[in-house]
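Please open the model in a viewer and keep a selection tool at hand. The stops below are given in the order in which they may be selected.

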Amino acid sequence: MGTERESVMGGGAVGTACALDLSVDAHVHTGFSAGRDAVGVVVSAADRTGLTALTFADQAGPDTTWLTAYADAVRRARHRTEMRLRVAAEVEVVRADGWLALPPDLAQLDALSVAVSGLPIGDDVLDARELRRMLAAGALTAGLVAEILVTTTVKGIERASRYVPSQLARPLALLAQAGVDDAVAGPELVGELASACRTTGTVVEISEAWRSPSPRLVEMLRDAGVTLVPASDARYAAEVGRWQYLRRV
């Protein structure tokens, strides 16, 4: 997995003593899904910004039919730039056992970016608004939410890494969205997450758009030896490789 980490980072792995390589953007979107611009437009913008590596990570799922066209567009773009371009897809964890809403064909992908945008409890996946309501009603506690979220995330990246190299998008961001301070995820829970990332070779994205993970969590993951990568989560070409939050953390 070391070779994959180097390719994700554009040759600069991040450890406990290294700075982030801000010439890399590990998560951008295009008009195929959550973004607005074509692959070629995004690549041109990244070139102007001076990036050396770019990972396309459009949102995909079981009903996605455009993966081949998407991957072909990225492959064509490789002939027009010296940047390293990777084809990934952002997929959701949809069950507590880590089951992923995968697209039907993973052969096109260099990586999976794993997201947990809802909390699987029983047969339901609770979004941030539902979590806020249940927390306010006392039906859930912040500690239990954090525990379930970490366990679900760990199982999700373990499952993803069986198929292709994995990245973790916006780790524990659901806590803040539900009005919970991520300090509720103490050293033991963060350690569990960090251990799973190291074991599976999963790199953790630091998202510019989502301001996630928090500086506290970034520091804890870094100190635990987890590989961290800059990720703009850009939906417009003009946002690719533009860092404010990342320079602070």
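Helices (H or I, at least four residues) and strands (E, at least two) are DSSP runs, numbered from the N terminus. The model is a predicted one, in which local features need pLDDT of at least 70 and side-chain atom pairs count only at pLDDT 80 or more, while totals for chains, interfaces and linings use all residues. Residues are numbered from 1 along each chain as its sequence is written, and side-chain values use heavy atoms, with hydrogens and water left out.

**First stop: strand E8**

Select residues 203-207, which form strand E8; five of its five residues are buried (under 20% relative accessible area, with exposed meaning over 50% and partly exposed in between; 1.4 Å probe, protein chains only). In a regular strand the side chains alternate between the two faces of the sheet. Here Val203, Glu205 and Ser207 point one way, whereas Val204 and Ile206 point the other way.

Opposite Val204 of E8 stands Leu168. Within E9, Pro230 is the bridge partner of Ile206.

Select helix H8, residues 215-223, together with E8 and E9: the three make a right-handed β-α-β unit. Right-handed here means that, with the strands pointing away from the viewer, the path from the first strand over the helix to the second runs clockwise. In the loop between E8 and H8, select Pro213. The peptide bond that joins Ser212 and Pro213 is cis, with omega about 0 degrees.

Most residues other than glycine have a negative phi, and most peptide bonds are trans. Which phi does Arg170 have? Although Arg170 is not a glycine, its phi is positive, at about 50 degrees. Arg170 lies in the loop between E7 and helix H6 (173-177), and Arg170 counts as buried because its relative accessible area is 8%. Now select Leu172, which is in the loop between E7 and H6 and has a positive phi near 65 degrees. Leu172 is buried, as its relative accessibility is 7%.

**Last stop: the loop between E3 and E4**

Select Val94, located in the loop between strand E3 (84-92) and strand E4 (111-115). Val94 counts as partly exposed because its relative accessibility is 31%.

Notes: Two strands pair if DSSP finds at least two bridges between them.
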